[in-house]
Amino acid sequence: AGSRADVNPDEVAGVIWKYFTELGNNAKDTADQLHQTEISKQLNTLLKSNLQSVSAYAEDLQQRLVPFAVELKARLAQDSERLKEQIRRELQELHAKLAPYADEVHQQIGTNIRQLQAKMSPYAEELRSQVERSTSELKQALEPYATELRERLQDNAESIQASLSPYADRLQQQIDGGVESVKQRLSPMADELKAQVEQSVAELRRGLSPYAQEVRDGLNRQLESLSAQMERATEELRARLAASSEELRAQLSPLARELREAASGDTESLRQRLQPLAQQLEQRLGQSLETFRQQAAPFGETFGQQLVQRLEEMRGKLDSGAAGVEDHLELLEKEVREKVAAFLSTAAPPQN
């Protein structure tokens, strides 16, 4: 049976938060339909994938979470105006207290933005370089398979058929190994970027500390929010790099599968089926690798732009004292995640 440790509270909270935000974007009648059926389906899928087996505990937890989510939605709706007022009041107070130092604060954040851009630029270039290098190396590793297949067509049909499955297996192994190599090369980049982001926020905190004596708590919350946004952006970058690598695998793997399927047919038509595959193999390899290169290479630049945008937004809030919708949503999301984690820590598994 699965245990409570099998369930990741943050993933469960992510599903419930997605449910809340979808409700906010739907008409009331659609929302009423969603709140029992869609959340039940999403949670059930999530729990099944996170538990080692579909146990009684998973079913019980799912049954408990659905009414919990519905109740949480109602409570957050009631608290929504209170949270908006709290954020508005705190930012206005922060703005007023920082007013004597407005120019210095504005300049300090501007300096931090320029420093962050200077730090991100080499990492963005390095990420682009690693994608280019990985793509080139994988292309060099796979191109001989296209040549080998064309050469095999010169053999007799029985010889081709006997060697085709092992050839397809080797091609798949090369694809898998190549994709894993790409992931191993790119993954550390996200860790390095995360470290630079943390350093940048710490430098900003030190730079603003002389102006924050009276509003330390309020400014700290803004910096914590900024840090959380940047950390989320870093995790999104990591996920995008992994997803692009897996997408590359998904595009390349059908080549090996088609070769296996050709090998399982009759000998007479084998050469006829293989001829177009041999002609297309190199082209399809090239197209898949080029798509990956174009997609993944700019990730570093996009990431840097995201971080600068977050800093600009914080500077705008401190300059104006006006809270945006995202402030309210962030606080709501934080409450959702805390409440879900607390619920999962206290929900006891069913008795056998």
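Student: What makes residues 216–247 a helical span, and how far apart are its end C-alpha atoms?

Tutor: The span is 100% helix and 0% strand, and its end C-alpha atoms lie 46 Å apart. Helices are DSSP runs of H or I of at least four residues, strands are runs of E of at least two, and both are numbered from the N terminus. The model is predicted, so local features need pLDDT of at least 70 and side-chain atom pairs pLDDT 80 or more, while totals for chains, interfaces and linings use all residues. Residues are numbered from 1 along each chain as its sequence is written, and side-chain values use heavy atoms, without hydrogens and water.

Student: Which residues does the UniProt annotation "coiled-coil region" cover?

Tutor: According to the unreviewed UniProt entry, it covers residues 69–97 and 216–247. Such annotations may be inferred rather than shown by experiment.

Student: Why is H6 called roughly antiparallel to H8?

Tutor: Helix H6 (residues 216–263) and helix H8 (residues 299–320) pack at about 165°, with axes 10 Å apart. Angles run from 0 to 180 degrees between N-to-C directions, and those over 145 degrees count as roughly antiparallel. H6 is therefore roughly antiparallel to H8. Their contact comprises 13 nonpolar, 6 polar and 4 charged residues.

Student: What makes a space in this model a cavity, and how many are found at 30 Å³ or more?

Tutor: A cavity is a set of points on a 1 Å grid where a 1.4 Å probe fits but cannot get out, and its lining residues have an atom within 4 Å of a point. The search of the whole structure finds 2 cavities of 30 Å³ or more.

Note on methods:
Parallel < 35°, antiparallel > 145°, perpendicular 65-115°, else oblique. Nonpolar A, V, L, I, M, F, W, Y, C, P; charged D, E, K, R; others polar. 1 Å grid on protein atoms, 1.4 Å probe; cavity = no way out; pocket = protein on both sides within 12 Å on 5 of 7 lines; lining within 4 Å. Points joined across faces, edges and corners; volume = space filled by probe spheres on them.
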